[in-house]
Amino acid sequence: MAIGGAAPHDSPGGLPDFEQPLLHAHGGLQAGKDPAAAHDHEAQCSPEAGGATSLRTCFNGLNALSGVGLLSIPYALAEGGWLSLVLLLLVAMVCCYTGQLLQTCMGASPDVRGYPDIGALAFGTKGRFAVSAFMYAELYLVAIGFLILEGDNLDKLFPGTSLSLGGVLVLSGKHLFIVLVSIFILPTTWLRNLGVLAYVSASGVLASVVLVFCVLWAAVVDGVGFQGKGTMLKVSGLPTALGLYTFCYCGHAIFPTLCNSMKEKDKFSKVLVICFVACTLNYGSMAILGYLMYGDDVESQVTLNLPEGKLSSKLAIYTALINPFSKYALMVTPVATAIEEKLLAGNKKSLNMLIRTFIVISTVIVALTVPFFGHLMALVGSLLSVMASMLLPCICYLKIFGTARCSRAEVALIVMIIVLGSLVAASGTYSSLQKIIHEF
């Protein structure tokens with residue numbers, strides 16, 4: 001997920017490579033003509049000559065697709081069974097194809113700089129609003145997921161921790177850590193220049209590889225072994241599995257930014273394929289490892305299954321904690337900026353800080369109320385990621401170019417993606433909401 005892009009009057013290739021996608025691992029918002037996103041972008045990036053090389057763009061793309069979904073991928077496999085790995089490959093191919101569609105849509109107009117611009121090109125103001133709404137909602141829910149993840153893993157590191165506030169209120173376990181983490185994160189949301197955090201987030205690719213090796217180390221060296229046989233197919237869990245698989249590939253919002261940042265934009269298709277292949281290998285490796293180790297008992301975050309006290313477990317958990325901590329501010333900033341623009345807050349620092357504080361408090365309340373990481377991420381994947389990564393690219397593409405300019409095979413493929421994507425969104429959203437309600 002990322003913020004990036006340039007306002008229409010900016011040079012598309014005039015931004016520092018590493019500052020192009022400021023949000024990594026889940027879909028995000030582009031600047032384009034969206035005043036909120038453009039304002040946020042200008043506050044975070046400074047123009048610089050040149051453009052990104054293919055290698056740098058590939059690295060940024062890997063950062064965009066590699067995120068907290070890696071922790072829940074074994075759980076997704078456990079929900080769907082071994083045969084659902086075919087669906088992981090299918091989702092990867094579909095999302096890669098829809099990413100290519102976005103690139104084609106960008107070529108239809110020189111004014112397109114971000115994802116909302118594509119929505120505007122296809123459906124006018126309503127299209128821009130719809131795309132932006134899905135992006136903001138996804139950012140907000142992913143920020144909540146970060147807090148839940150931090151609480152779960154810190155509770156794993158420090159079990160039994162509690163805090164009494166005047167003997168009236170007692171906080172313990174994951175609830176305590178969610179509150180504590182939010183207190184530490186809050187000052188980072190007040191920053192207007194998030195360039196430093198953008199560079200911290202660039203560690204996403206390394207962190208993802210380290211996580212896989214830590215899990216492998218726990219199995220081979222720390223004695224966990226590969227005892228989980230698993231189930232071949234669990235039809236009832238397929239909606240959840242599909243939602244989580246889609247969540248892993250929800251980087252489409254920054255693809256226009258990555259393409260615009262390149263010196264040689266014609267090579268973006270190859271870069272996109274490389275990113276999807278590399279991430280699918282990493283996701284597949286983690287899914288197979290986690291499921292072989294723990295079978296159907298795997299947790300919604302595989303780090304919660306790792307043996308306590310082992311170096312590999314601690315390293316995996318600390319690695320998993322760093323990225324959400326650094327990315328939380330990057331997730332809520334575009335949401336806060338949009339609210340500030342609506343309220344005409346401008347440069348009123350005290351009002352801006354108050355708005356961002358209320359946003360953090362609201363995410364804490366939701367995280368404390370719905371502390372189910374796997375179910376929440378499945379909901380985000382089914383409801384928002386399917387829309388942003390599958391449905392909207394196909395719908396916008398058909399609207400912009402029309403069926404007359406597309407081959408029959410292409411139209412048939414796109415229609416099939418829209419139909420199947422709609423079914424995945426409907427069934428996955430229903431299944432996730434049902435499980436969340438059942439947990440209460």
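A residue is called buried under 20% relative accessible area, exposed over 50% and partly exposed in between, with a 1.4 Å probe and protein chains only. By that scale Cys275 is buried, with a relative accessible area of 2%. The model is predicted, so local features need pLDDT of at least 70 and side-chain atom pairs count only at pLDDT 80 or more, while totals for chains, interfaces and linings use all residues. Residues are numbered from 1 along each chain as its sequence is written, and side-chain values use heavy atoms, without hydrogens and water.

The structure holds zero disulfides, a disulfide being a pair of cysteine sulfur atoms within 2.5 Å. Two cysteines show why:

| Cysteine | Closest cysteine sulfur | Distance | Relative accessibility |
|---|---|---|---|
| Cys96 | Cys95 | 8.9 Å | 12% |
| Cys275 | Cys58 | 3.9 Å | 2% |

Cys96 counts as buried, but its sulfur is too far from that of Cys95 for a bond. The sulfur of Cys275 is likewise too far from that of Cys58.

The structure also holds two cavities of 30 Å³ or more. A cavity is a set of points on a 1 Å grid over the protein atoms alone where a 1.4 Å probe fits but cannot get out, and lining residues have an atom within 4 Å of a point. The largest cavity contains about 100 Å³ of space, the volume being that filled by probe spheres set on the points, which are joined across faces, edges and corners. Its lining has 13 residues, with Gly67, Val68, Leu211, Ala320 and Asn323 nearest the centre.

Definitions and conventions. On a 1 Å grid over the protein atoms alone, a cavity is a set of points where a 1.4 Å probe fits but cannot get out, and a pocket is an open set with protein on both sides within 12 Å along at least five of seven lines; lining residues have an atom within 4 Å of a point.
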